[in-house]
Amino acid sequence: MSAPMGIGLKFNKINFLSLCIGLFSLTIGVLNGIEVDDFFTSDHTNNWAVLVDTSRFWFNYRHVANVLSIYRSVKRLGIPDSHIILMVADDMACNPRNPRPATVFNNVNEQINVYGDDVEVDYRGYEVTVENFIRVLTGRLPPSTPRSKRLLTDEHSNILVYMTGHGGDGFLKFQDAEEISSVELADAFEQMWQKKRYHEAFFMIDTCQAESMFLKFYSPNILAVASSKVGEDSLSHHVDPAIGVYVIDRYTYYALEFLENVQPNSKKTMGQFFRVCPKSQCVSTVAFRTDLYPKDPNKVLITDFFGSVRNVELLTETISFKNLSMQDTCSKESCVETSSPKSSQQLKYADQFPMPT
Amino acid sequence: MGILSNPKSRQLIVEKVSRYNNILCGACYVVGVIWFMALAYKPFNAKTYFSENALLPGVVESGFFFDFDVSSYITEVKEELKRDKRNVPRDWLYQKMREAGLETYKQNYTIHYPLHILQGQLVPGQNVYGILRARRASRVEAVVLSVPLRSKSSELPQTYGGLIVMLGLVRYFIRQPYWSKDIIFLATDREELGMQAWLDGYHHVHSQYIRPDELPARSGQIQAALNLEIPDSNIQFMNIKMEGLNGQLPNLDLVNLVVRLCNRHGLQVKLHNKADVSDMEAETPQGYLQSAGTMVRMMWAQASGSPSGNHGLFHRYHIEAVTLEAVCKKKTGRFSLDTVGRVVEGIFRSLNNLLERFHQSFFFYLLPGTERYVSIGLYMIPFAIICCSCLIKAIALWVKLSADASKPDTDTDIAVGEGKAGSDKNVTETTAATQEKTGKKLDTKSLHDIVEEDTDIDDHDDRPSGVLSILPLVLSSVIMSVLCYTGPELLSSVAVPFKMNVEDGIFYGFIALFTASLMFPKMIARRTSEEKRLNFDWRLLKALTLIFQSLMLFGLALMNISLAYFLAVLFVPVSVLVHPSKSRVSQWGQKLLLLLISPFSILYVATVIRSLGDKNEGGSLGLLGDAWSNLSHGVLLTLVDRYFFGNWLFALFSFAVFPNWLSLWSISFCESE
């Protein structure tokens with residue numbers, strides 16, 4: 001899919017934007033001493049993110065803060081709201097117990113309100129169910145579902161799936177009522193693969209015994225990382241005594257610390273991301289799985305999943321587009337002629353309760 | 001095959017039990033009592049922990065401060081109290097709560113004393129309460145902060161410190177945006193009566209004796225309550241009181257929460273004025289004695305069945321509640337009311353986080369320290385072992401009865417030929433006789449067993465047997481129970497026309513009833529036998545009594561383990577030992593023991609112990625005298641508690657303990673054959 005960017009480029013046939021990006025990348029590539037070939041090996045065309053917080057109740061404030069922080073990071077790195085499915089199981093910002101109404105903070109310093117002005121929550125409250133989650137992943141949603149609530153991916157999409165909540169060995173609790181098992185999740189990914197709904201997937205989970213959630217995966221091209229091994233608890237990072245709750249989990253905290261230094265043009269790799277939060281910081285052991293993933297994570301850019309950095313495809317021939325915008329438009333007068341004749345039948349409201357006469 | 005469903009092995013067990021029953025009973029009792037008390041030893045109990053995640057205890061920083069001059073408020077309250085000996089600072093509080101912007105109300109109620117106390121006059125009372133509505137929540141849940149109002153004439157310590165803290169909290173809480181539950185600030189009059197009136201009014205409960213007016217305003221379902229008894233500033237330490245009506249306890253999570261918050265603010269918290277044992281000393285003998293002492297004090301308070309504070313009445317409505325009592329010392333008390341305010345703030349912020357009622361942690365527990373607990377799973381085993389000795393004895397007697405019944409009519413032969421039995425009798429006789437023979441070998445080991453064996457040998461055929469022989473006894477003890485239960489009302493209605501003090505009337509009535517019950521075996525004897533001898537099937541009666549007693553103790557243990565344990569410790573050995581005897585020493589010994597555990601003596605000893613706790617002046621004789629005068633008052637209070645609050649203690653004593661004791665008493669009078 002990708003066009004290698006060689007020496008013999010024909011500058012006269014590419015557009016200005018491509019030129020700029022090309023030159024820029026070339027410069028960076030040369031500066032960092034990385035082969036230009038490596039830089040354009042990723043072959044996806046679009047990025048999606050499914051960010052899920054599965055737990056409700058005030059004392060699980062930190063899970064909402066986790067997911068909103070990741071949301072903020074991926075948005076900053078370029079994934080638009082239309083490509084993010086955000087599921088938040090409870091409304092912490094408007095919880096009466098929140099001493100800072102309409103805000104969610106992920107740090108004791110309370111500098112960043114992660115529940116800012118432009119958070120678009122797609123599934124909230126009791127809509128966050130196992131069923132909805134699997135339907136979103138597999139695309140089996142009712143026809144009436146708006147596009148903003150759909151995961152409209154294709155075989156060129158890279159997906160980031162981030163989950164946080166309370167889990168156990170082989171399951172993750174949703175709300176206070178149900179749970180998704182690792183087998184169900186693995187089957188959902190397989191279904192996605194068979195339906196060509198992803199190109200590569202990155203699964204990230206911050207919960208107790210998180211590793212158990214990806215051990216059952218069997219579909220190709222999945223990279224997975226978890227905050228803890230089976231048998232370990234994932235711990236929270238710190239308390240905000242003013243709010244009176246734990247505000248963020250350890251793994252997410254250090255992952256965010258890493259992501260904060262990532263820019264859209266950054267050269268950081270997934271391999272580096274896997275080394276985030278060693279045991280001395282996390283207390284739990286960060287587990288990852290690379291055997292389903294054909295590439296070397298050390299050569300995969302982190303922006304392949306967390307950002308939306310597009311590849312530039314260079315064509316050697318000119319394509320001429322028809323100017324669609326100037327044709328087929330009509331003014332008030334010209335349009336009236338073509339409009340359908342007025343129906344003589346008078347419109348009326350249908351009976352709401354049709355009664356037999 | 002199960003051991004019990006296999007007839008052969010069952011036979012074996014039954015044989016073993018009936019043969020070794022005396023040793024088994026003794027062993028069970030000793031093991032049970034020692035094991036139970038050993039639970040106070042640190043390695044045998046567990047450290048308390050929070051089961052409820054939602055509480056998040058002590059996570060939040062405290063921001064409480066008094067925004068008024070505390071000392072001037074204290075002066076105002078004191079002046080208010082000085083105005084009249086019986087005046088409580090009710091109106092002052094009402095005014096201050098209004099000024100703070102709280103919606104405040106008064107609730108009127110009238111008390112109609114039972115048993116013709118005060119000649120049926122109605123006593124009015126008034127509670128003050130304010131509701132802080134949760135601004136951002138649905139206002140369907142509430143928590144209560146209560147303080148009892150006490151006048152200067154009250155015998156109990158003052159509580160105006162608590163009123164000041166409450167006012168400070170009203171003014172602070174009302175400015176906070178984070179409440180998810182309504183907070184009810186309540187000041188009640190007349191101790192438990194006022195509290196009961198308010199709770200009844202709140203829950204639309206109507207009682208004959210406490211008649212609350214309709215509350216002018218209500219809030220949602222109450223989830224928890226904290227009662228403050230704080231005399232003044234200069235607090236030395238806090239006491240946490242949790243024992244409620246009929247021995248009900250609040251959820252352990254609430255107790256843990258209060259303890260955790262107190263410790264967090266450096267405020268020492270104790271149980272019944274007893275500090276926790278330090279970790280270093282916990283496993284030494286001194287440490288054990290200290291924690292055992294604390295546990296016994298807690299059990300003592302629970303066993304009484306009367307609430308140790310106003311919190312105790314909430315439990316009936318399934319509202320978890322505790323009392324925080326401050327002990328003040330003018331010079332050494334180094335904690336001010338601010339600290340208490342911050343503790344209460346922390347407790348309420350945690351309660352505010354609750355999503356459901358308290359339900360995660362234990363409702364049945366004993367505390368050998370504020371941070372150690374003995375759960376129901378631990379204490380039920382030794383308690384069951386104690387009760388087991390009753391059941392073993394009952395089974396042994398039952399086996400003996402059925403063996404006797406299966407004997408042919410030539411049982412005199414068996415009795416005579418005890419030693420050489422088993423040669424030419426039929427099969428059933430042989431088994432019965434060998435049982436007795438082997439029983440004899442064993443029985444020679446102890447004195448009591450010899451006595452019992454003697455009675456076996458002297459088994460005459462003229463001994464009445466069967467249910468009919470014990471029916472008169474059972475019936476008359478039931479009649480005595482009913483008399484005991486209904487007596488107070490009768491006596492009090494009689495006492496008034498005679499211009500007698502109701503308290504004295506009832507007390508002397510009880511003494512008369514008790515004396516009558518002492519003579520009870522003699523009275524029955526006249527009716528049942530021509531020779532004025534009391535003769536009946538004592539084994540059957542004893543077996544039934546033991547089964548009834550175990551049933552009663554087990555049932556009680558599920559509601560009030562402390563009372564059940566104390567009763568078991570007293571009743572089990574005596575009830576197992578008691579039997580008709582020829583030996584004078586044994587007879588009088590038994591009667592003495594039975595007198596010691598008679599309901600009357602139990603009450604008296606309990607009063608002595610209670611007076612012991614109050615003060616230690618006037619020497620031991622003075623103490624006994626004090627206890628005697630307190631006894632009549634205590635009896636009356638227990639009776640009144642029954643009418644006002646539904647205390648079971650009196651019903652338990654009249655319908656379970658008393659008839660049980662009567663049966664045992666009459667067994668000791670039974671003619672030994």
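1. At roughly what angle do the axes of helix α10 and helix α17 of chain B cross, and within what distance do they come? In this predicted model, the axes of α10(B), residues 376–406, and α17(B), residues 561–577, cross at roughly 30 degrees and come within 10 Å. Since angles under 35 degrees count as roughly parallel, α10(B) and α17(B) are therefore roughly parallel to each other, and the crossing in which α10(B) passes α17(B) is left-handed.

2. On the α10(B) side, this contact is made by B:Y379, B:M380, B:F383, B:I386, B:S389, B:C390 and B:K393, while α17(B) contributes B:I561, B:A564, B:Y565, B:A568, B:V572, B:S575 and B:V576. By class, the residues of the contact comprise 11 nonpolar, two polar and one charged.

3. In chain A, helix α4 (residues 130–138) packs with helix α5 (residues 182–194) at an angle of about 25 degrees, and their axes are 9 Å apart. The two helices, α4(A) and α5(A), are therefore roughly parallel to each other, and their crossing is right-handed.

4. The residues that make the contact between these chain A helices are A:F133, A:I134, A:L137 and A:T138 from α4(A), together with A:E184, A:L185, A:A188, A:Q191 and A:M192 from α5(A). Of the residues in the contact of α4(A) with α5(A), six are nonpolar, two are polar and one is charged.

5. The second largest pocket, with a volume of about 600 Å³, has a lining of 23 residues, and those that lie nearest its centre are A:F59, A:R62, A:H166, B:N53 and B:L56. The lining of this second largest pocket divides by class into nine nonpolar, seven polar and seven charged residues.

Technical notes: Residues numbered from 1 in each chain as written. Chains lettered and ligands numbered in written order. Predicted model: local features only at pLDDT ≥ 70, side-chain atom pairs only at ≥ 80, totals over all residues. Heavy atoms only, no water. 1 Å grid on protein atoms, 1.4 Å probe; cavity = no way out; pocket = protein on both sides within 12 Å on 5 of 7 lines; lining within 4 Å. Points joined across faces, edges and corners; volume = space filled by probe spheres on them. Nonpolar A, V, L, I, M, F, W, Y, C, P; charged D, E, K, R; others polar. Axes fitted to C-alpha atoms, helices over the stretch in contact; angles between N-to-C directions. Helix = DSSP H or I, 4+ residues; strand = E, 2+ residues; numbered from the N terminus. Parallel < 35°, antiparallel > 145°, perpendicular 65-115°, else oblique. Left-handed = near helix turned anticlockwise from the far one by under 90°. Contact = heavy atoms within 4.5 Å.
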